[in-house]
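Visitor: I would like to go through this model term by term. Please set each value against its definition.

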Amino acid sequence: MQPKESFKSPNFVKSIKYLHNTVLYATEDDQVCHWNGSKLELHELIYDYTLSTNFIYISTRDHPLKVYNHQLEYQHSLVSRDHMDQITAPLTVREHMDLVYCGFENQLQIFDLEGQVQILKLTSTRKSPDGIKGLVSSIEFSDRDLYCIGTFHGQIGIYDRDTNRLLYQLHSQKKPGFQGITQTKFTHCENYLLASSRNDSQIDMWDLRMLQIVHSYPRNAQTNQRLYFDYVNGMLVFGDLDGCLSIYNTLDQSLLWQEQLSVHPLTATTFCPSGVLVSSGTRFVDGPFEHALYTLPWSQ
């Protein structure tokens with residue numbers, strides 16, 4: 001399978017975001033770039049960013065959450081403060097149904113359209129055995145009424161979207177105290193959750209009815225860095241540290257396609273109408289992988 005279209009970048013791409021034909025990607029030199037060539041030079045470490053229908057939300061170290069339109073024009077900021085009344089930036093940010101969810105240590109802050117904030121403490125105290133602990137590293141919404149929080153403490157909690165009540169926690173028996181969560185995604189039926197972790201060799205599929213891992217997809221991801229996967233309509237796509245791209249059918253766990261694309265890590269993959277967007281974690285342009293970001297044709 002050959003690249004259908006390519007896009008060069010002066011620095012390696014760390015992540016890709018896609019929504020409604022808008023493609024953004026972040027590079028290691030602290031830029032958020034639009035597929036059309038426009039870019040934002042943020043001059044500070046990018047924690048996370050997310051797309052909504054009308055806005056782009058970008059979190060950078062020691063700054064308020066900044067809001068831009070799709071032309072990358074600054075609109076306003078959403079300010080979060082810590083217990084010392086200092087401005088603090090969320091490690092993770094997601095928008096859902098006109099609410100902006102910001103993840104911090106042991107805490108979630110939820111902003112509405114007017115900038116009013118609701119603070120949700122994930123645990124009563126740091127030493128309490130109840131609740132979800134750690135720095136929030138993943139926030140993901142189902143198609144219906146659930147959302148999921150993962151932390152770098154290696155915990156996953158499933159919440160009711162309307163009440164923000166913790167419904168249940170996922171405790172891995174396969175990997176006790178397993179590594180920090182890097183990404184989560186619900187399947188379309190809402191019965192399963194896909195989860196990846198730091199320094200792990202697989203992506204786990206949890207059955208939310210039995211609260212246990214029912215299948216694992218092998219992947220070389222022995223790194224603290226995020227290697228983003230994607231899921232759409234029963235298909236899972238991911239890259240690994242070896243530059244191998246894999247696509248699985250999650251309904252029967254069959255391997256649909258696999259190919260070595262690079263000698264460098266594939267940092268992010270995402271489905272789009274024209275195929276699969278793939279990014280490379282390298283500054284070099286040697287071998288068949290000659291661009292930092294390109295599209296592979298794939299029919300969903």
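Visitor: What makes β18 and strand β19 (residues 166-170) a pair?

Guide: First, the basis: this is a predicted model, with local features needing pLDDT of at least 70, side-chain atom pairs counting only at pLDDT 80 or more, and totals for chains, interfaces and linings using all residues. Residues are numbered from 1 along each chain as its sequence is written, and side-chain values use heavy atoms, with hydrogens and water left out. Now the pair. Two strands pair if DSSP finds at least two bridges between them. Four bridges join β18 to β19, so they pair, and they run antiparallel. One of the partners: Ile 156 bridges to Leu 170 in β19. Strands here are DSSP runs (E, at least two residues), numbered from the N terminus.

Visitor: How many residues lie between β18 and β19 in their hairpin?

Guide: Five, and Asn 164 in that turn has a positive phi of about 60°.

Visitor: What joins strand β17 (residues 146-151) to β18?

Guide: Five bridges, with the strands antiparallel. Tyr 147 stands opposite Tyr 159 in β18. These strands also form a hairpin, with four residues between them. Gly 154 in the turn has a positive phi of about 85°.

Visitor: Why is strand β18 (residues 156-160) called largely enclosed by the rest of the structure?

Guide: Buried means under 20% relative accessible area, with exposed over 50% and partly exposed in between (1.4 Å probe, protein chains only). Five of the five residues of β18 are buried, so the strand is largely enclosed. Ile 156, Ile 158 and Asp 160 point one way, while Gly 157 and Tyr 159 point the other way.

Visitor: Why does Ile 110 count as buried?

Guide: Its relative accessibility is 5%, so Ile 110 counts as buried. Ile 110 lies in strand β14 (residues 107-111).

Visitor: Which residues is Ile 110 in contact with, leaving aside neighbours within four places in sequence?

Guide: Contact means heavy atoms within 4.5 Å. Leu 99, Val 100, Tyr 101, Gln 116, Val 117, Gln 118 and Asn 164 qualify. The C-alpha atoms of Ile 110 and Leu 99 are separated by 6.5 Å, and these residues are eleven apart along the chain.
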